[in-house]
Amino acid sequence: MNRTLLKKALKLFTVFFRIGAFTFGGGFAMIPYIENEIVEKNHWIESDEILDIFAVVQSVPGVIAVNSSTFVGYRVAGLLGAFAATIGVVLPSYIIIAVIALLLYNFKDYPYVAEAFYGIQAGVTALMVHVVIKLGKKGAKNLFGLGLAAASFLALTVFGAPAIMILLVSGVLGLIAMNIRRIKKNNEERS
Amino acid sequence: MRILFELFFVFAKIGLFTIGGGYAMIPLITQEITSRNWLTLEGVIDIIAISEMTPGPFAVNSATFIGVQQMGLVGGAFATMGVIVPSFVIVVMVAKYFTKFKDHPVVQAVLSGLRPAVIGLIASSTFLIGKNAFAPEITGTWLQSINWRAVVIFILGLVGIIKLKIHPALMIIISAALGILFFSIF
């Protein structure tokens, strides 16, 4: 087996182990870590690609946090990478939950757990606001993008539309927008 | 032995029926595990609370929890693998084709619609987490319901990550410490 591939897979495992240990608040909350570790430090994937990956992962069965790790792992180091990232991201919660199930069933009633949790929620919000701004600058550059981002936000937050429906409609709109641009361009060339 | 396979397959089913994630699958999980007497309804609510307060997704956490309670660490491993294995296979196949067709003009056009939509979805989840942190319950006027301690931690967090560029994991540890400090003192 290729040595560099093995090294990459090991690195993926440790990176995703860290991500798994610190992701509070669902699948999207891991994006700040992916930005930090996978895009900025290791340059394994491009920032735009994070959005592609999360779009695809939303549309297939399974847990978003796990699926996106599998996907990133595959993009970085093939099947071995997918395996390393998936095990890495799941292992911390397996250990934590096993300890709680075996030893500390009343975990949530322990002193300071609730207080720490309130702080964590506020911290996660800061991380996510930052990442929304950062990704927004790249992924919603023009009026079409900004409008679509705002519409998706409202559709999910206010109307509770299923995420998969929102993505389906957006994908179709992307196709239509491209065709309109092409027709316009053809007309300009002709005239 | 039989129960190990049952744990695997029940959670494989739960994993396969989860699309889009989030709390949509709580009813499904609840039904599958209470009908087998693996947990009572109160137990399920406990797991939801524990999942919120620990890292990791709810589906994985409930699989681990129930598996460990039923059959110890091995049971936990079987149930957790159940959630992961089916979607692992699907995602790897999708990732393979995605890599192949990513640069095709039609795929690029679809992605040009999907990227902004995903930003909207991330913003929505940011909004919900923020709402939970700043005003978990609306009592009285808007201003009265705001938890100012959480707002202070949020602002400190933003400064930390933008100006000081601290690592997200360190940020979580600091936020937890500030949470304990603020909420026990004030």
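This is a predicted model: local features need pLDDT of at least 70, side-chain atom pairs count only at pLDDT 80 or more; totals for chains, interfaces and linings use all residues.
**Figure 1. Overall build of chain A.** Chain A contains 7 helices and 0 strands. Read from the N terminus, the order of its elements is α-α-α-α-α-α-α. The C-alpha trace of chain A extends over about 75 × 50 × 30 Å along its principal axes. Two domains are assigned in chain A: domain 1 covers residues 3–139, and domain 2 covers residues 141–191.

**Figure 2. The boundary between the two domains of chain A.** The C-alpha centres of domain 1 and domain 2 of chain A are separated by 28 Å. At this boundary, 7 residues of domain 1 of chain A are in contact with 4 residues of domain 2 of chain A. Together, domain 1 and domain 2 of chain A bury about 410 Å², and carbon and sulfur atoms give 58% of that area. Between these two domains of chain A, 0 salt bridges are found.

**Figure 3. The crossing of helices α3 and α5 in chain A.** Helix α3 of chain A comprises residues 47–58, and helix α5 of chain A comprises residues 113–139. Their axes come within 9 Å and cross at roughly 95 degrees. An angle of 65 to 115 degrees counts as roughly perpendicular, so α3(A) is roughly perpendicular to α5(A). From α3(A), the residues A:Ser47, A:Asp48 and A:Leu51 take part in the contact; they meet A:Leu135, A:Lys138 and A:Gly139 of α5(A). Sorted by class, the contact of α3(A) with α5(A) comprises 2 nonpolar, 2 polar and 2 charged residues.

Figure 4. Over all chains, the structure holds 9 salt bridges. One of them joins the side chains of A:Lys134 and A:Glu40, with an N to O distance of 2.5 Å. This pair connects distant parts of the chain, as A:Lys134 belongs to helix α5 of chain A and A:Glu40 to helix α2 of chain A (residues 31–41), 94 residues apart.

**Figure 5. The surroundings of A:Lys41.** A:Lys41 is also part of helix α2 of chain A. With residues up to four places away in sequence left out, A:Lys41 touches A:Asn36 and B:His167. A:Lys41 and A:Pro61 are 20 residues apart in sequence, and their C-alpha atoms are 30 Å apart in space.

**Figure 6. Helix α2 of chain A against helix α8 of chain B.** Helix α8 of chain B spans residues 168–185, and its axis comes within 9 Å of the axis of α2(A). The two axes cross at roughly 135 degrees, and α2(A) and α8(B) are therefore oblique to each other. On the side of α2(A), the contact is made by A:Pro32, A:Tyr33 and A:Asn36; on the side of α8(B), by B:Pro168, B:Ala169 and B:Ile172. By class, this contact of α2(A) with α8(B) has 5 nonpolar residues, 1 polar residue and no charged residues. A:Asn36, listed here in the contact, is also touched by A:Lys41.

**Figure 7. The interface of chain A and chain B.** The contact between the chains involves 92 residues from chain A and 85 residues from chain B. About 8,000 Å² is buried between chain A and chain B, with 81% of this area on carbon and sulfur atoms. Across the interface of chain A and chain B, 1 salt bridge is found. A:Asp52 and B:Arg115 form a salt bridge in which the closest N and O atoms are 2.6 Å apart.

**Figure 8. The domains of chain B.** Chain B is divided into domain 1, which covers residues 1–105, and domain 2, which covers residues 135–186. The centres of domain 1 and domain 2 of chain B, taken over C-alpha atoms, are 31 Å apart.

Key
Residues are numbered from 1 along each chain as its sequence is written. Chains are lettered from A and ligands numbered from 1 in the order in which they are written. Side-chain values use heavy atoms; hydrogens and water are left out. Axes are lines fitted to C-alpha atoms, for helices over the stretch in contact, and angles run from 0 to 180 degrees between N-to-C directions. Helices (H or I, at least four residues) and strands (E, at least two) are DSSP runs, numbered from the N terminus. Angles under 35 degrees count as roughly parallel, over 145 as roughly antiparallel, 65 to 115 as roughly perpendicular and the rest as oblique. Contact means heavy atoms within 4.5 Å. Ala, Val, Leu, Ile, Met, Phe, Trp, Tyr, Cys and Pro count as nonpolar, Asp, Glu, Lys and Arg as charged, and the others, Gly among them, as polar. Domain bounds come from an automatic or database domain assignment. Buried area is the accessible area (1.4 Å probe) that two parts lose on being put together, summed over both. A salt bridge is a side-chain nitrogen of Lys or Arg within 4 Å of a carboxyl oxygen of Asp or Glu.
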